[in-house]
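This report describes how the parts of one chain are packed together.

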Amino acid sequence: MKKTIFLLVFLFTFSTGLFGQSKTDMVKVTTAFLESLSANQKDSVLFSMDDSLRTQWSNLPNGLLPRKGLRYGDLSEGSKEKFHKILSTIFSSQGYLKTFAIMQVDDILHEIFEIAHQREQIDDRTIGFIRKLDWDYGNYYLAILGNPGMDTAWGFKFEGHHLSINLTVTKDSFSMTPLFLGSDPAVVEVTQYAGLRPLSKEEDYGFWFVNTLDEAQKAKATLSQEVPKDILTNPDRPQWYEEFMGIKGSELRPEQQKVLHYLIEEYMNNMEKEKAEEYLAILHARGMDEVYFAWIGSYEPMKAHYYMIHSPDFIIEYDNVGFLDNANHIHSIFREKGNDFGEDILRKHLMDHKH
């Protein structure tokens, strides 16, 4: 108990000290981005913190769910440079490059379907429907909520097909959940980009871990149900699971816990280093013994599969089914309990700033 209390006190002191620089950078790059916009673009991108947009999310393409905000493709080259400064400030290099690759894959996906149409693998009606989905590198929308500053609560949202980035900032902390990353295809099989895998380690480390389990452990970890067609905490479902499923970390051998830790790190390390270290410290304070892992589906790539990593503090979900059941279409999400859209930190901010 004393060890846990010490770790939590250390975490608070450590993260508070580092946060100052992170927040200064976030305010600086976001302000610089706003200053690069025209008056009309500012009107499109700025929203109140009370706007319902802040706490809504989806990974659907814009053709199925039109977004509010400023379209990325309508930015000038100068504004795009400043916008990428925001992404590279809130993400680590790996998180930033995954985000960029996910956006690029939309253009590749267009090309893949056009090739399939030319080869008469899909008919005119199907290609017509697909074209209306508006998959496009430019069809991602950004919103800035509130007024970016050192003493105010504000937010940043960037969303589109297979991306939902939700940053909430207060005077003392910031939240980046829910963080949704997806990729269709998971591995590009044609065009000059054949072989590209934006979310490679989320898949590879999952298979690495589940195949370290012996038969008895696999039986406990594997849920006897059909692979879900999407993550379970999708926008139309409950956003948190209270029930723990699968195998508990305390039932794993040390070397198995180590591989599971690698997988968890892959998700946490998408964020800038201070936030990633904060999340890892929370994980270590709780301990790997309290982490549950559940698997559904095949233990081999290119066959439908799913996993959930669940502790009292975090949920990670990964799903790979695909419309053709070829396991080439990834959805993944990282959540911090009680802090989606900054719920916890905003509550604390309001209590600390009552007048």
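## Basis of the description

A residue is called buried when its relative accessible area is under 20%, exposed when it is over 50%, and partly exposed in between, with a 1.4 Å probe and protein chains only. The model is predicted, and for that reason local features need pLDDT of at least 70 and side-chain atom pairs count only at pLDDT 80 or more, whereas totals for chains, interfaces and linings use all residues. Residues are numbered from 1 along each chain as its sequence is written, and side-chain values use heavy atoms, with hydrogens and water left out.

Helices (H or I, at least four residues) and strands (E, at least two) are DSSP runs, numbered from the N terminus.

## Aromatic pairs

Rings of Phe, Tyr and Trp (for Trp, the six-membered ring) are taken as a pair if their centres lie within 6.5 Å; planes under 30 degrees apart count as stacked, over 60 as edge-to-face and the rest as tilted. A search of the whole structure by this criterion gives 24 aromatic pairs. One of them joins Tyr72 and Tyr137 in an edge-to-face arrangement, with 5.6 Å centre to centre and 85 degrees between the planes. Because Tyr72 lies in the loop between strand 2 (70–71) and helix 3 (77–90), and Tyr137 in the loop between helix 5 (124–131) and strand 3 (141–145), this pair ties together parts that are 65 residues apart in sequence. Tyr72 has a relative accessible area of 2% and is therefore buried. The rings of Phe244 and Tyr292, by contrast in geometry, have centres 4.8 Å apart and planes at 25 degrees, so they are stacked. This pair also links distant parts of the chain, with Phe244 in the loop between helix 7 (215–221) and strand 8 (247–248) and Tyr292 in strand 9 (residues 292–297), 48 residues apart. Phe244 is partly exposed at 33% relative accessibility, while Tyr292 is buried at 17%.

Ring pairs also join Phe33, Tyr72, Phe83, Phe100, Tyr137, Tyr140, Phe156 and Phe158 into a cluster. Charged side chains meet rings as well, a charge being counted as over a ring if NZ of Lys or CZ of Arg is within 6 Å of the ring centre and within 35 degrees of the ring normal. The charged end of Lys218 sits over the ring of Tyr299, 4.2 Å from its centre, and Lys275 lies over the face of Phe174, at 4.5 Å from the ring centre.

## Nonpolar cores

In soluble globular proteins, nonpolar side chains tend to be buried together. A nonpolar core is here a set of buried Ala, Val, Leu, Ile, Met, Phe, Trp, Tyr and Cys residues joined through side-chain atoms within 4.5 Å. The largest such core has 63 residues, and those with the most contacts inside it are Phe83, Phe156, Phe158, Leu260 and Phe293. Helix 8 (residues 254–268) gives the most to this core, with 6 residues.

With contact taken as heavy atoms within 4.5 Å, and neighbours within four places in sequence left aside, Leu260 touches Phe209, Leu252, Met288, Val291, Phe293 and Ile309.

## Helix 8 against helix 9

The axes of helix 8 and helix 9 (residues 273–286) come within 9 Å and cross at roughly 145 degrees; axes are lines fitted to C-alpha atoms, for helices over the stretch in contact, and angles run from 0 to 180 degrees between N-to-C directions. On the helix 8 side, His261, Ile264, Glu265 and Met268 meet Ala276, Tyr279, Leu280, Leu283 and His284 of helix 9.

## Backbone sites

Most residues other than glycine have a negative phi, and most peptide bonds are trans. The peptide bond from Thr177 to Pro178 is cis, with omega near 0 degrees, and Pro178 is found in the loop between strand 6 (174–175) and strand 7. A cis bond with omega near 0 degrees also runs from Asp184 to Pro185, where Pro185 lies in the loop between strand 7 and helix 6.

Glu120, although not a glycine, has a positive phi of about 60 degrees; Glu120 is placed in the loop between helix 4 (93–118) and helix 5 and is exposed, with a relative accessible area of 73%. Asp134, likewise not a glycine, has a positive phi of about 60 degrees, lies in the loop between helix 5 and strand 3, and counts as partly exposed at 35% relative accessibility.
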